[in-house]
Amino acid sequence: MERTGCDDAGAVFVWDLLVRILHWSLAAGFFGAYLTEDWETVHVWMGYAVLAIVGVRVVWGFIGTRHARFADFVYPPSVVRAYLKDVSRIRHRRYLGHNPAGGYMILALLAFVTLTGVTGLALYAAEDQAGPLAGWVATGWSEGLEEVHEFLANFTLFLVAIHVIGVVVESVMHKDNLVRAMWTGCKRRGDDGA
Ligand code: HEM
């Protein structure tokens with residue numbers, strides 16, 4: 001059952017336990033894989049873990065608790081444009097769940113982590129004839145795949161940097177501590193009345 005109470009008066013429960021566990025294990029798995037590029041066995045297992053985490057998160061995005069669902073944070077592009085306009089005038093409203101711009105960043109992070117992982121699997125198959133794609137990818141593709149995989153990993157890292165900057169800026173502007181909220185699940189009650 002979804003927890004509804006938080007210890008602080010005026011705080012409301014937003015991120016369920018699975019969202020929080022998946023978020024911090026995804027962050028650890030992504031950085032772990034990034035830093036173990038030259039340590040193949042560990043790198044490959046980190047890659048499997050990251051793909052599994054994203055898989056579970058996508059399913060949870062359809063069946064999970066209120067703010068975990070894609071339907072809660074994927075807004076029409078017109079709403080995102082209006083939100084970004086308000087951000088540029090420092091007049092944007094506060095959201096209890098992910099804000100409209102943050103929602104698309106989350107989709108981008110999940111997509112690019114997946115693309116990085118899948119090209120990693122293809123590279124593993126081409127180079128070592130190992131992993132679930134073994135036998136499906138020609139050896140001659142190794143060099144090209146290596147470049148694409150590396151580019152995607154670096155691009156994902158760039159997205160993560162923007163993501164973390166967004167979290168810090170949003171925390172300062174709305175006097176929130178979003179990192180703590182992703183740890184405890186609790187946020188100050190928002191002006192969307194939830
Ligand atoms: C130390 C680094 C990180 C910090 C401090 C951080 C912090 C956060 C915070 C505070 C949120 C909630 C944003 C909100 O309130 O709307 C969030 C969401 C999210 N972050 Fe991060 N993050 C970090 C690294 C990463 C990495 C490395 C990834 C992926 C590679 C990632 C992917 C996501 C995703 C997918 C969500 C959506 C959570 C969900 O709804 O499941 N984050 N992050």
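**Exercise 1.** In which helix is the place of Tyr 124? Work out, too, whether Tyr 124 is buried or exposed.

*Solution.* Bear in mind that we're working with a predicted model.
- Start with the element: Tyr 124 sits in helix H5.
- Next, count neighbours. Within 10 Å there are 22 other C-beta atoms, and the cut-off for a buried residue is 20 or more. So Tyr 124 is buried.

**Exercise 2.** Find what Tyr 124 touches beyond its neighbours within four places in sequence.

*Solution.* 
- Now try a C-alpha distance: Ala 134 lies 10 residues from Tyr 124 along the chain, and their C-alpha atoms are 7.7 Å apart.

**Exercise 3.** Take apart the shell around the ligand, made up of 22 residues.

*Solution.* 
- Pick out the residues that come nearest: Ala 27, Phe 30, His 98, Leu 178 and Met 182.
- Then ask which elements supply two or more residues; these are H1 (17-35), H5 (100-128), H6 (142-173) and H7 (178-184). H1 has the largest share, with 6 residues.

**Exercise 4.** Zoom out and describe the protein as a whole.

*Solution.* 
- Tally the elements: 7 helices and 2 strands. Reading from the N terminus, the order is β-α-α-α-α-α-α-α-β.
- For dimensions, the C-alpha atoms fill a box of roughly 60 × 40 × 25 Å along the principal axes.
- As for burial, 19% of the 194 residues are buried.
- Last, take the contacts between residues at least 6 apart in sequence: 62% of them join residues at least 24 apart.

Notes: Residues are numbered from 1 along each chain as its sequence is written. This is a predicted model: local features need pLDDT of at least 70, side-chain atom pairs count only at pLDDT 80 or more; totals for chains, interfaces and linings use all residues. A residue is near a molecule or strand if its C-beta atom, placed from the backbone, lies within 6 Å of it. Helices (H or I, at least four residues) and strands (E, at least two) are DSSP runs, numbered from the N terminus. A residue is buried if 20 or more other C-beta atoms lie within 10 Å of its own, exposed if 12 or fewer, and partly exposed in between; C-beta atoms are placed from the backbone. Two residues are in contact if their C-beta atoms, placed from the backbone, lie within 7 Å.
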